[in-house]
Amino acid sequence: MTDKYIEYKGFSLFSDIEDQELRSRNQAVVLANMAESNSKNRKISPNGAGLIIGYFDRIPKEERKTVYDKFVSEMKTRGFEYAG
């Protein structure tokens, strides 16, 4: 992976992990942690949304779909619902 980003606001992007499956899983868990830490009554705050978007933006475009799918799955296991 040739990613110029190592972290976003202190959150690792796991650029040093060569296994894309593991890297994507870790990124999805970080995103879910951001969402959960910045939510009230299962609604993500504007600050949380900004963190999620900023972090997600630093994931290489070709990997985003996989990370997104894992993020949605992780959020569902934590009791959140996708309103998309």
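This is a predicted model: local features need pLDDT of at least 70, side-chain atom pairs count only at pLDDT 80 or more; totals for chains, interfaces and linings use all residues.
Opposite its buried side, helix 3 carries the exposed residues K65, K76 and T77; exposed means over 50% relative accessible area, buried under 20%, and partly exposed in between, with a 1.4 Å probe and protein chains only. Helices are DSSP runs of H or I with at least four residues, numbered from the N terminus.

I noted the conventions: residues are numbered from 1 along each chain as its sequence is written. Local features need pLDDT of at least 70 and side-chain atom pairs pLDDT 80 or more, while totals for chains, interfaces and linings use all residues, and side-chain values use heavy atoms without hydrogens or water.

I then listed the buried residues of helix 3: R64, V67, F71, V72 and M75. They lie on the same side of helix 3 because they cover an arc of only 135 degrees around the axis, taken from the directions from the axis to the C-beta atoms. Helix 1 (20-37) and helix 2 (46-57) are among what covers them. Just after helix 3, I found G79 with a positive phi of about 95 degrees.

Next I checked S24, which lies in helix 1. S24 counts as buried because its relative accessibility is 1%. Beyond its neighbours within four places in sequence, S24 is in contact (heavy atoms within 4.5 Å) with T66, V67 and K70.

Leaving aside neighbours within four places in sequence, M34 is in contact with F11, L51, I52 and Y55.

Terms used. Helices (H or I, at least four residues) and strands (E, at least two) are DSSP runs, numbered from the N terminus.
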